[in-house]
Amino acid sequence: MKKFFYFIVLFFFVFPFFYSLLCTAQTLNEIRNLRAGKHQNFYRVVLETSMKVDTKIELKTLPYRAIIQFPESLWRASNIPRKGNFYPNIPIIYSFKNDEIGKTNLTLNIEKPFSLDKVYWLSSPNGNKRLVIDLYFSSETDFIVTKKSFESFSKEEFETVLGERPISEDKELELFIGQNKNNSKISQQNIISEDNNFNFDKAGNKNFLVVIDPGHGGKDPGAIGYSKTLEKDINLIASKILQSKLNNVSGIKAYLTRSDDIYINLHDRYKIANQLKADIFISLHSDASESKSVRGYSIFSLNKDPDLENANFQKNNKNQNVLGNVILDEEIIETQNILYKMYQRRKRNYSIKLKNLILDELSSLPSNSRGWHEKNFAVLKSPVIPSVLIEMGFISNKEDEKNLNDREFISNLMQKIAVAVTKYKDVYMK
Ligand SMILES: [Zn+2]
């Protein structure tokens, strides 16, 4: 009887366990090579595997790192340690770990905020598959938004982004192979000196950048008030007050798209913000209506605009479309679409967070709130920068016009907006 019991245990519990191990052992992915390359403005990590596997990428802080997750895989990269770095040429420490049952993680510690430019699978001439990860140093903001967008990726979106692409640019790169971890002290210095060679964005600038856009100007007066006040003048005065209030906050730097009575077209306004790599964009306007009794402030953000054809891309000097730091001309159309949607989604999320904070602050004003609306305003069309447009009141209304011409009223209004912007910076940009 006892023997029978053992047999039952063996048959139903122990055998299946070994059997399943046997089965999976035959199909386990193998990691066969790991190397990194350095390009003028990005780093590339290439992982060679025996097969293309489901991949998930997570970004984490403290330290800044990317965790690339696959089904259980075997380390078969001879001559390359499981934990190592690419110092002194590339400031990346990596570690390969079989964590939980059935999961393998490759962690890349970058030590600075970074963004993932491209991630894709390629076939290698030697029959292996290659997972290519291109990354570049970026701002804290960029890191956070990239992290968030990866979190909200669906499996299909991941698959499209990870779709095979018929390109190979490895030849242009200087390649380095992983080595042991012990020379990381020298490397710290190298990170710093290397960083100085990189002239891409925000070098050394840790400020939170706000671009304030005083609506209209020059030949375009905007709305005309009840007592003939010009909207462009009110917008400019308010913007200058907001700018000086924000510049008094430590860690914030505010710029204006115009500081005089000049005309700037709508696309150039957000392009200025793109050029400056602004963290947020705020356009200030004053409303008008046929009906003189309409009054109050309102706030606008761009309505859902996932249409690639209508995207107002920034162009680089080679006339290629640029999205954030991604040059879209190199991407296949599906990837372009996914990237564009990803950027639009993250931009929309952050625009909404910003408008919520602004509306919260403004709610303590005696003015009438007309709330939030989504509209297809050209000036809000930066593909990457969270953007809002505030209509401060109706100059076609007698009382609102009087208020908007009152320095104290405007100053109080701008103070509230400055508080909201500071809160936004403190909450979302850490
Ligand atoms: Zn206007």
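Before we look at two helices, a word on terms: helices (H or I, at least four residues) and strands (E, at least two) are DSSP runs, numbered from the N terminus. Axes are lines fitted to C-alpha atoms, for helices over the stretch in contact, and angles run from 0 to 180 degrees between N-to-C directions.

What you see is a predicted model, in which local features need pLDDT of at least 70 and side-chain atom pairs count only at pLDDT 80 or more, while totals for chains, interfaces and linings use all residues. Residues are numbered from 1 along each chain as its sequence is written, and side-chain values use heavy atoms, with hydrogens and water left out.

Let me start with the helix pair. Helix α5, residues 231-247, packs against helix α9, residues 407-428, at an angle of about 45°, and their axes are 9 Å apart. The two are therefore oblique to each other, a word used for angles that are not under 35 degrees (roughly parallel), over 145 (roughly antiparallel) or 65 to 115 (roughly perpendicular). Taking contact as heavy atoms within 4.5 Å, α5 brings residues including Ile237, Ile241 and Leu246 to meet residues of α9, among them Ile410, Met414 and Val421. The residues of this contact divide into 10 nonpolar, two polar and two charged, where Ala, Val, Leu, Ile, Met, Phe, Trp, Tyr, Cys and Pro count as nonpolar, Asp, Glu, Lys and Arg as charged, and the others, Gly among them, as polar.

Strands of a sheet pair through backbone hydrogen bonds, either parallel or antiparallel, and two strands pair here if DSSP finds at least two bridges between them. Six strands form an open sheet in the order β13-β12-β14-β20-β15-β19, with mixed pairing. Because β13 (252-256) and β19 (369-375) stand at the edges with a single partner strand each, one side of each is left without a neighbour in the sheet. The twist averages 20° from one strand to the next. Within this sheet, β12 and β14 run parallel and are joined by five bridges, and Pro214 stands opposite Leu284 in β14. Helix α5 packs on the sheet, touching β12, β13, β14 and β20 (387-394), and its direction makes about 160° with that of β13. Helix α9 also packs on the sheet, touching β12, β13, β14 and β20, with a direction at about 160° to that of β14.

Now, which residues coordinate the zinc ion? They are His216 (NE2), Glu231 (OE) and His285 (ND1), at 2.1 to 2.2 Å; donors are N, O and S atoms within 2.8 Å of the metal (3.2 Å for Na, K and Ca), and since water is not among the atoms, sites may look incomplete. His216 lies in the loop between β12 (208-214) and α5, and His285 in strand β14 (residues 280-287), so the pair ties together parts that are 69 residues apart in sequence.
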